Every structure is written in C-alpha cells, then in structure tokens.
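Subject: Structure handover

Hello,

Here is the structure for you to look over. My notes follow below it.

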Amino acid sequence: MNAISYLSGGTFHRYSLFGINILVHGKTGAIWQLDDLSWKLLDGQSAEPEGDALAELAAIASEARQAEERFAKQGALYAENLEEGPTHLKSLCLNVAHDCNLRCKYCFAGKGAFGGERGLMSSEVGKAAIDLLMQLSGPRQNCEADFFGGEPLLNWNVVKELVSYGKEQAAEYGKQLQFTLTTNGLLLDDEKLAFINEENMGLILSIDGRPEVHDRMRPDLGGSGSHSRVLAKIKEAVAKKADDNWWVRGTYTSWNLDFTQDVKFLVEAGFSNISLEPVVTDEEYQLREEDLPKIEREYERLASYYLQRQREGKPFSFFHFNFDLAKGPCLAKRLLGCGAGHAYLAVSPRGDLYPCHQFVGQEAYRIGTVFQGIEKPELGDRFRQAHIFNKEKCRSCWAQLYCSGGCHANALAKNGDLMLPDELGCRIQQKRLECAIVIHVLTSAHAQIPA
Amino acid sequence: MMKHIKRIDAGAILSSDKQIGCGECQASCQSACKTSCTVGNQNCQKEE
C-alpha cells in the first residue's frame with residue numbers, strides 16, 4: 001500500500017479548521033499538521049506531486065507503520081494488565097445529601113433524591129467510605145473524594161467532619177486526600193468559604209450561563225428561577241477562593257444549542273474556569289442525533305470565541321479544550337478511561353457503592369457497601385474489561401486514545417451495552433477534540449492566531 | 001527537518017516510554033466533567 005492510501009485509510013482522520021490542516025492516527029494517537037501542498041496531495045487534489053511533500057508523507061507513513069506495530073504489542077500487554085492485574089480504588093463520589101434546595105430538571109439525582117428517599121449521609125457512613133478508600137487504594141499516594149448530591153451543603157457538618165477525618169486517615173496511611181465539593185452555591189457563606197480555603201478544597205459551582213437558560217432548568221422549590229441568587233453567590237465564592245482550584249460548570253440541552261452565548265455570559269461575568277457539559281436525559285430537552293450538525297457548528301463557534309479571547313489577551317479556560325500534549329496522559333490512563341467501577345466509586349447516603357454517580361440508586365449496579373466492601377467484584381470486572389481494545393467501535397475510531405472509550409453510563413443508558421458507546425457522545429467528543437487540537441496548534445509558542 | 005509537515009504529538013508511543021500506570025493523576029470524570037469524560041485533557045502528575 002502506498003503512503004497516501006495508507007494515510008487515508010484505517011484509523012487515520014484528517015480535517016481542516018480555521019485554516020489548520022490536521023492528520024490524526026487513531027491507533028497511536030500521533031498528530032501532524034500539514035501545509036496546503038501536502039494536504040492537497042493527501043486529498044488527491046494535486047495533479048503535480050511535489051517531491052519534498054511526497055517524501056515527507058512517505059516518511060510519516062513509515063513512522064506511523066512502525067509505531068502501530070510497536071503500539072499493538074505494548075497496548076495488548078497493558079490491556080492484559082488492566083484486566084488481570086491488581087486494581088486500586090482512587091476516587092470516591094460521596095453523595096452526602098440526597099436532597100436539594102433547587103429542583104433542577106436534569107439532575108442525576110432526579111431533582112435531588114436519586115429516585116429514592118431523600119436523605120443525608122451520616123458521618124458513620126462517610127467515615128466507613130474513607131476507611132474503604134484508604135484500604136482499597138493500595139500503593140496510590142493521591143486519592144480524591146468529591147462531595148456531591150443533591151446539594152452537599154445541606155449536610156455541611158458531616159462534610160466538615162469527613163474532611164477532618166479524611167486528612168487524619170490519609171496522614172496515617174501516608175497518602176494525600178484531595179477533596180472537592182460540587183454545589184449550586186446558594187448556601188455558601190464566609191464560614192464555609194474560609195473552611196474550603198483552609199482545607200484546600202476544590203470547588204465546582206453549578207450555573208448554566210444566561211439567566212433565561214439557567215432559570216428554565218434550575219428552579220427553586222417554589223418554581224422560581226435561581227439565577228440571580230446563584231450568580232451572586234458564585235461570584236462571591238470565586239472572589240474569595242484562595243487558589244485557582246475551582247470551576248463553574250453548566251449543562252446545555254437541546255433548548256440552548258447556541259451555548260457559546262452561555263459561555264460568553266460566564267466569561268463576561270468574570271469567570272475564567274468554565275466547563276459546559278451535554279445533558280444526560282431522556283426528557284424532551286435531550287440531545288438527539290439530528291441536533292449534531294448544530295452542536296458541531298456550535299463547538300467551532302466556541303473555539304473561535306476562545307481564540308478571540310486569547311488574541312485579546314483575555315483568555316479563559318474551557319475544560320474540554322484543555323490539552324497539554326507535553327504532559328498528556330500515559331498509555332495506561334488512555335486505556336483505563338474514567339475508571340468507573342474499579343478506580344472510581346460513588347457512595348449513596350446509606351453507604352451503598354455504585355460504579356459511578358450516574359448509577360446511584362440502580363439496584364442492578366449496587367456493587368457493595370462501605371461496611372461490607374466490594375460484594376460483586378464481577379461487576380467491577382465488567383467495567384475493567386470495557387476498555388478501548390475490547391470495544392469494536394473504539395478500535396476503529398481516530399479519537400480512541402484521547403477519549404478512552406467514552407462514558408459507560410451513557411453506553412448502558414442508550415444501548416443497554418457497556419461495550420457499545422453512545423454515538424451522540426462519540427460525535428460530541430470527536431468534535432471537541434478536533435477543536436482542542438487546533439486550539440493547541442494555534443496557541444502554541446510562535447503560532448499565529450488567525451483573526 | 002520537514003518543510004511541509006510538522007509533528008504535533010507523538011501520541012501514545014511517546015507516553016508509553018515514560019514510567020506508566022502509576023495512577024497518581026486525577027480521576028477523569030471527577031469534578032469538572034461528571035458527564036462526558038475526556039482523558040486527553042488529563043495531565044500526567046509525575047515530575048519529569
């Protein structure tokens with residue numbers, strides 16, 4: 001097979017965005033930038049092949065072939081280790097409150113209660129969860145726990161007790177335990193913010209962007225919009241946060257496919273760390289495959305806005321456009337993906353363990369309890385085996401080593417099959433990666449950012 | 001030195017040369033995401 005045919009088939013993917021031509025090799029994760037001449041050659045558009053460009057295409061084809069062979073051997077080895085080797089827990093999502101002071105329509109918690117009784121986690125359950133994390137994390141030095149809900153600030157005393165207990169236990173086990181807290185911000189006050197600063201906790205602050213978008217999805221118990229109160233609280237929290245360990249995080253739905261406007265709102269409100277996530281739901285505002293052309297165009301618009309702010313010297317960070325190739329993830333991480341079910345578990349208020357926060361309350365996915373430990377190791381094994389080498393769809397995808405197989409919960413929700421990723425999620429991921437790669441190229445040293 | 005093509009990233013091959021799988025990096029779906037895991041944007045925490 002000649003170089004051009006090879007580079008045009010298999011898991012190679014090429015695209016142009018903002019005048020930048022990119023070629024990605026899915027099987028190894030290698031990325032190249034091509035000039036217009038080599039691009040035309042690869043595209044079969046050039047009638048007069050230019051010697052140097054052709055030779056360079058042959059050189060990268062040869063490099064890719066060798067890398068592919070080497071990677072096939074190494075990757076298989078790591079995959080075997082991932083499936084058969086020891087597994088270590090690293091992170092917990094502590095659902096300390098199955099209750100909320102808002103009634104957000106798309107909440108995983110089904111408006112706060114996760115389909116069950118409203119309830120708060122006791123400190124006994126929380127401490128047992130931390131004990132389990134210490135015991136099951138083996139040689140891991142850095143562990144994590146996120147206070148989640150519902151609204152975790154409804155159970156503030158337990159949050160404080162668990163941070164203190166967690167730090168003590170981590171010191172005893174010679175580990176670091178990093179806490180984060182995901183909140184709508186309404187109950188934040190000076191005392192809580194001081195504690196969060198003292199304990200170096202990360203903050204994830206939930207706001208969707210424009211007032212009308214936020215208020216439609218995030219009403220309070222009386223049905224009134226919460227935007228103005230949330231915005232004021234979140235601004236105060238960010239102003240008083242002693243470090244940069246915070247994000248404002250929103251959700252977009254089919255009702256705001258012009259979500260760049262929501263990011264703009266957040267940027268103009270003064271926030272510099274922003275994450276905006278596609279909604280996970282089967283309600284009327286769900287994202288559908290027919291929305292994809294709009295969603296894809298919108299990510300390009302967002303990338304364009306991101307670059308504009310960079311040019312103006314007023315940059316912001318967008319979670320899914322962050323892409324540090326120099327310090328990117330190792331191969332093991334690329335295979336492992338999110339770690340749900342073995343490296344990452346969610347804990348319900350009464351102490352049941354689930355593969356991740358999206359499974360909480362689903363009896364079939366209850367993997368154990370904080371008191372009894374892992375009772376269904378076979379369930380965790382199913383998640384461990386659901387890595388990119390075992391998923392047919394991932395093996396043929398150009399983004400496999402950047403996405404790492406997508407969201408398990410979405411695969412099960414959409415297809416009823418852990419091994420079959422949700423197509424919509426795949427397409428969104430691919431588009432975000434396309435944008436992130438081009439942004440990386442354009443914002444690297446010496447690059448010209450086009451107007 | 002190539003004139004027409006620039007390698008932006010060597011991909012997983014380069015990263016497989018480092019000591020790998022130490023597990024000290026941030027969990028992918030923790031905190032800022034929670035719905036649509038991206039691994040490519042997770043930094044390696046290991047000091048060079």
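This is a predicted model, in which local features need pLDDT of at least 70, side-chain atom pairs count only at pLDDT 80 or more, and totals for chains, interfaces and linings use all residues. Residues are numbered from 1 along each chain as its sequence is written, while chains are lettered from A and ligands numbered from 1 in the order in which they are written.

Start with the β2/β3 pairing in chain A. A:Ile22 has A:Gln33, in β3(A), as its bridge partner. Helices (H or I, at least four residues) and strands (E, at least two) are DSSP runs, numbered from the N terminus. Strand β2 covers residues 20-25 of chain A and pairs with β3(A) in the antiparallel sense, over 5 bridges. Pairing requires that DSSP finds at least two bridges between two strands. The two strands form a hairpin, with 4 residues between them. In the turn, A:Gly29 has a positive phi of about 80°.

Next, burial. Strand β3 (residues 30-34) of chain A is largely enclosed by the rest of the structure, because 5 of its 5 residues are buried. Buried means 20 or more other C-beta atoms within 10 Å of the residue's own, with C-beta atoms placed from the backbone; exposed means 12 or fewer, and partly exposed is in between. Both faces of β3(A) are covered. A:Ala30, A:Trp32 and A:Leu34 lie on one side, A:Ile31 and A:Gln33 on the other.

β3(A) also reaches chain B. It joins strand β1 (residues 5-9) of chain B through 4 bridges, running antiparallel. There, A:Trp32 has B:Arg7 as its bridge partner.

The chain contacts come next. In total, 39 residues of chain B are in contact with 70 residues of chain A. Contact means C-beta atoms, placed from the backbone, within 7 Å. On the side of chain B that touches chain A, β1(B) gives the most, with 5 residues.

Last, helix α15 (residues 408-415) of chain A. Its buried residues include A:His408, A:Asn410 and A:Leu412. Among what covers the buried residues of α15(A) are α12 (377-385) and α16 (423-443) of chain A. A:Gly416 follows the helix, with a positive phi near 65°.

Best wishes

Key:
Contact = placed C-beta atoms within 7 Å.
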